[in-house]
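Here are my notes from going through the model you sent. Have it open while you read.

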Amino acid sequence: MADRYEAAAFKARIDEVLTGFVAREADELLAIDADLRPIADQVEAAVADGKRLRAAFCYWGWRAAGQPDSDALVRAAASMELVHAAAVVHDDIIDDSRLRHGRPTAHVALRTALRPRPHTKSAARSLAMLVGDLLMSLAGQLFVTSGLPAAYLARARPLWAALARELVAGECLEILRTGAVPDTDQSLKVIRYKTAKYTVEQPLLIGGVLAGAGERLREGYSSYGVPLGEAFQLRDDLLGLYGDPDRTGKDGLDDVRAHRPTALLAETWRLANDEDRKQLSGLLGRRDVGADGLEAVREVMSRLKAPDRIEQMIRRRVEEATDALHEMPIPEYAQRALTTLAQSASARCR
């Protein structure tokens, strides 16, 4: 790979690794029993989409530390996408989301695989949970069999433990705070641990530690990665309510029905008067809320300019990340790549 980030070319490399690896694992499942076909299909479907940003941050964490392009590192970086796939499957179960990338989520798709029985929905959710568990296990397997030296892999082991701990903590915090009185600081803490760190900071650090990055560079990675990861999720919150479902592939009602602790909702609540809050309270968390309810929530948010506040938060965090990037002792080509990635992560349309 040339000393620049070419999104399509990099995605093709990661896709090739993931497709081959997961196909082999699906075959291993089917060798156990042909009835596992729906499970194998969902394991493969889980890695079929994505821009491969997490793998890219891991790759450029390695390159920014002065290491050359490496097929073994690309395999290790691809494991970040399996972590993401596992998190997505579990998150969709927790949130009872119906769509992802325009297709039924794993726990919805698996309902059709089950013979008529009592509690079909519960059984499908259980199967999907196990798909997510398997994907996380496969992430570790791909990482340790990447072909990198054992000494390099050992350096990254504590970061894998931190990644898993923080991801679970963030998901738990979201569950604990769902339906609570919206609070911006609490919402930002949820997104920091649920999404931001495993999307940008931890992949960067893992790539850097594999490469032998020193303390100063690792601190720079965190100063860049945390605010950029938060900007990524803040953008996702906006797209969740205002994005075109045909482009986002998600149901725009999910956040409203679940009354999730998003920063967008928290800022709306902070700016709202008593009448606005009464209206919001009558809509948030209702499973039967429809398109009219979504439009009513959007109207309150837009009138109070809450989306503008989120845009300001995104801009500030991207500026913080790029400022930190300029302070890092890294090659110019890596700085350019990480600048491009910052733009891609914070300004995406899906």
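The points below cover the core, the cysteines and the aromatic rings.

1. Ground rules. This is a predicted model, in which local features need pLDDT of at least 70 and side-chain atom pairs count only at pLDDT 80 or more, while totals for chains, interfaces and linings use all residues. Residues are numbered from 1 along each chain as its sequence is written, and side-chain values use heavy atoms, with hydrogens and water left out.

2. Cysteines. You'll find zero disulfides (cysteine sulfur pairs within 2.5 Å). Cys58 is buried at 0% relative accessible area, whereas Cys172 is partly exposed at 37%. Buried means under 20%, exposed over 50% and partly exposed in between, with a 1.4 Å probe and protein chains only.

3. Rings. There are seven aromatic pairs, counted when ring centres of Phe, Tyr or Trp (its six-membered ring) lie within 6.5 Å; planes under 30 degrees apart are stacked, over 60 edge-to-face, the rest tilted. Phe143 and Trp160 have centres 5.0 Å apart and planes at 55°, so this pair is tilted. Phe143 sits in helix H6 (residues 120–144) and Trp160 in helix H7 (residues 150–177). Phe143 is buried at 4%, and Trp160 is buried at 15%.

Definitions and conventions. Helix = DSSP H or I, 4+ residues; strand = E, 2+ residues; numbered from the N terminus.
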